[in-house]
Amino acid sequence: MARSSQIGATTGPGFGVYVHWPFCLSKCPYCDFNSHVRAKPVDEARFIAAYRTELAHRATFTSGRTVSSIFFGGGTPSLMKPSTIAAILDAIAGHWQVAADAEITLEANPTSVEAERFRGFRSAGINRVSLGVQAMNDVDLKVLGRGHTAAEALRAVELAASIFDRYSFDLIYARPAQTAAGWKEELEAALLRSKDHISLYQLTIEDDTMFARLRDAGRLALPDPGRARALWDVTQDVTAKAGLPAYEISNHARPGAESRHNLIYWRYGEYIGIGPGAHGRILSAEGRRAQATERHPEVWLTVVESDGHGLIEDDYLSTEEQGDEFLLMGLRLSEGIEPDAFQAMSGHGLDPRRVASLIADGMVEYTPRGRLRVSAEGFPVLDAVVADLAA
Ligand SMILES: C[S@@+](CC[C@H](N)C(=O)[O-])C[C@H]1O[C@@H](n2cnc3c(N)ncnc32)[C@H](O)[C@@H]1O
Ligand code: SF4
């Protein structure tokens with residue numbers, strides 16, 4: 001994997017707020033995110049009230065933080081009214097100081113209907129959008145079950161570029177029947193439309209999705225390991241040549257344009273998550289807390305209304321668990337991890353024999369500054385490398 005030499009923000013991970021909007025117009029056959037389709041219009045006023053309640057609850061144990069990033073994810077948060085976004089941002093600003101340069105991202109589906117709301121989102125306070133383009137041709141968009149054409153998606157990207165200083169879009173690769181030559185051409189065309197950030201996800205077949213059922217029935221022609229590796233190599237080569245090397249296993253940016261919010265996760269910083277099925281990691285005097293909310297949207301609403309928050313999990317992590325999470329998240333980054341930080345968190349150092357063996361196999365390496373990172377050869381098998389180190 002070509003390397004982003006240095007990731008922009010170096011002043012610590014910051015404090016992030018994640019807001020989950022759990023609804024979509026239809027369910028994509030590959031997706032296992034907490035997203036639901038509803039026949040009736042969603043009662044946004046009721047959701048605003050519940051988000052406010054959750055924010056007030058989280059503020060009771062995170063006072064004094066300065067919010068460095070806010071992320072509206074989903075589901076499809078571009079289906080929310082701009083006034084709903086504005087109400088949530090107001091509530092956040094009522095509980096914490098929000099940094100003047102806070103990154104405030106909205107995930108958007110690139111349909112024309114949602115693009116019409118972009119100006120409204122900017123007026124509400126959004127300053128970065130992340131669009132789910134997924135593919136640049138209509139045949140593959142149909143296979144992926146998307147509700148937009150390539151032309152419509154690219155119009156949405158153009159509009160986003162004219163309204164927001166910062167925008168990114170997602171593509172999924174290693175799609176059924178995709179060739180390395182076709183992907184190279186498609187990715188080069190995509191990079192001409194991107195500014196300084198792009199997310200490129202290898203298609204993962206998640207359990208209990210339509211794609212898993214099709215695969216099990218032998219009806220999904222997925223790339224074999226050789227072709228998957230060729231597609232990965234094309235991804236790294238083309239993005240590096242375009243000046244957007246990988247700074248994380250699936251995320252590419254010009255130095256300085258990385259997603260600051262996602263860096264909080266990968267650098268194992270502090271964040272709260274509100275809305276159905278949202279996660280948080282918070283530091284307190286007693287240790288690091290792992291939090292998660294009720295996943296089902298309507299159940300979440302009633303739980304928040306009755307209990308004053310939607311948390312169904314709020315546990316202190318053991319030092320071992322913290323060390324494992326720190327490795328799992330940090331080794332996704334091209335900058336790697338600080339071994340001393342791992343030691344401080346987990347109470348023990350990395351196993352020197354395992355590290356030596358992974359170095360000998362060319363899977364990990366030390367940087368000149370003493371950080372440990374996964375090598376270009378190790379990234380395609382990242383899960384195995386992390387499992388080996390964490391064991
Ligand atoms: C929260 S999701 C979707 C945001 C938005 N609703 C959309 O579809 O454009 C964020 C991104 O994850 C990626 N993604 C979701 N499921 C995936 C899968 N099974 N394999 C690879 N990428 C996936 C897609 O690129 C998607 O844009
Ligand atoms: S990929 Fe996006 S639009 Fe499709 S179901 Fe998942 S969250 Fe919804």
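**Ligand 1**

I started at Gly132, where a polar backbone atom is 3.5 Å from an oxygen atom of ligand 1. The model is a predicted one, and I read each distance below with that in mind. A polar side-chain atom of Gln134 lies 2.7 Å from an oxygen atom of the ligand, and for Asn109 the corresponding separation is 2.9 Å. I also checked the cover: ligand 1 taken alone exposes 560 Å², and 92% of that is buried by the protein.

Next I listed the shell. Ligand 1 is surrounded by 18 residues, the closest being Gly75, Asn109, Gln134, Arg146 and Asp170. I sorted the shell by type and got six nonpolar, eight polar and four charged residues. Which strands each supply at least two residues of this shell? I found β3 (97–108), β4 (128–134), β5 (166–173) and β6 (197–202).

**Ligand 2**

For ligand 2 I noted Cys24, Ser26, Lys27, Cys28, Tyr30, Cys31, Ser35, Gly75, Thr76, Asn109 and Arg146 around the molecule. By type, four of the shell residues are nonpolar, five polar and two charged.

**Backbone at Gly75**

I went back to Gly75 to look at the backbone. Gly75 is in the loop between β2 (66–74) and α2 (82–95). The peptide bond that joins Gly74 and Gly75 is cis, with omega at about 15°. I keep in mind that most peptide bonds are trans.

Most residues other than glycine have a negative phi. I therefore wrote down two residues against that general rule. Ala177 has a positive phi of about 65° and sits in the loop between β5 and α7 (180–193). Tyr268 has a positive phi of about 60°, and its place is the loop between α10 (260–266) and β9 (270–274).

Is each of them buried or exposed? Ala177 has a relative accessible area of 58%, so I count Ala177 as exposed. Tyr268 has 6%, so I count Tyr268 as buried.

**Helix α15**

I took α15 (residues 382–390) next and found Leu382, Val385, Val386 and Leu389 buried. Why do they fall on the same side of α15? They do so because they cover an arc of only 95° around the axis. The general point is that an α-helix has 3.6 residues a turn, so residues three or four places apart point the same way. On the other side of α15 I found Asp383 and Ala384 exposed. I then looked for what covers the buried residues of α15; the cover includes α12 (319–330), α14 (352–360), β13 (364–366) and β14 (372–374).

**Gly16**

Last I looked up Gly16, which lies in strand β1 (residues 15–21). The relative accessible area of Gly16 is 0%, so this residue is buried. What is Gly16 in contact with, leaving aside its neighbours within four places in sequence? I listed Ser69, His261, Ile264, Glu270, Tyr271 and Ile272. I also took the C-alpha separation of Gly16 and Val67: the two are 51 residues apart along the chain, and their C-alpha atoms are separated by 5.8 Å.

Technical notes
Residues numbered from 1 in each chain as written. Chains lettered and ligands numbered in written order. Predicted model: local features only at pLDDT ≥ 70, side-chain atom pairs only at ≥ 80, totals over all residues. Heavy atoms only, no water. Near = heavy atom within 4 Å. Polar contact = N/O pair within 3.5 Å; in protein donor to acceptor, adjacent residues only side chain to side chain. Areas by Shrake-Rupley, 256 points an atom, 1.4 Å probe, with all protein chains shown as cover. Helix = DSSP H or I, 4+ residues; strand = E, 2+ residues; numbered from the N terminus. Nonpolar A, V, L, I, M, F, W, Y, C, P; charged D, E, K, R; others polar. Buried < 20%, exposed > 50% of the residue type's maximum accessible area, 1.4 Å probe, protein only. Arc of directions from axis to C-beta. Contact = heavy atoms within 4.5 Å.
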